[in-house]
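Here are a few notes to read alongside the model. Have a look at the fold before going through them.

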Amino acid sequence: MKKLIAAAAFALIGSAALADDVLGTWKSEPGETGGFIHVNMVQCGTKICGTIAEVIGNDNTDIIGRQIITDMSPNGGGAYSGGTIWAPDQDRNYRAKMQLSGSSLEVEGCVLGGAICRGQTWSRIT
């Protein structure tokens with residue numbers, strides 16, 4: 001029983017440690033209007049969530065505070081999957097995946113089981 005508890009605790013700690021690299025504030029690429037958003041990525045239990053913290057160069061400030069990334073799981077090697085991303089321009093949620101590489105985060109929303117994806121590369125602010 002002690003081994004089971006220790007293994008479960010290690011799994012939770014390990015998941016949190018994998019997720020730490022993506023935590024912080026990210027800047028999206030400019031959209032069609034030239035505006036962009038800042039997204040705060042935080043730990044949500046053992047998963048990652050991202051909330052729109054600021055809208056710059058666009059009057060659509062009513063999306064501030066909206067969760068744009070939900071339930072992303074760390075897979076190791078900077079990869080995250082299993083969650084969703086909300087596309088503000090379409091007001092739809094898509095299955096999502098992310099790939100962290102230094103101070104860049106490739107964020108993609110996909111359909112058809114990942115066969116067709118659309119995404120952006122976000123830049124780390126903090």
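**Notes on the barrel**

1. Eight strands form a closed barrel in the order E1-E2-E3-E4-E5-E6-E7-E8, and the pairing is antiparallel. From one strand to the next, the twist averages 35°. A strand here is a DSSP run (E, at least two residues; helices are H or I, at least four), numbered from the N terminus, and two strands pair if DSSP finds at least two bridges between them. Angles run from 0 to 180 degrees between N-to-C directions, with axes as lines fitted to C-alpha atoms, for helices over the stretch in contact.

2. Bear in mind that this is a predicted model, where local features need pLDDT of at least 70, side-chain atom pairs count only at pLDDT 80 or more, and totals for chains, interfaces and linings use all residues. Residues are numbered from 1 along each chain as its sequence is written, and side-chain values use heavy atoms, leaving out hydrogens and water.

3. Now to E4 (residues 67-76), which pairs with E5 in the antiparallel sense through five bridges. One to find is Thr-70, whose bridge partner in E5 is Thr-84. Their hairpin has two residues between the strands, and Gly-77 there takes a positive phi near 65°.

4. On to E5 (residues 79-87) and E6 (residues 92-101): they run antiparallel, joined by eight bridges. Tyr-80 has Met-98 of E6 as its bridge partner, while Gly-83 stands opposite Ala-96 in E6. What phi does Asp-91 take in the hairpin of E5 and E6? A positive one, near 50°, in a hairpin with four residues between the strands.
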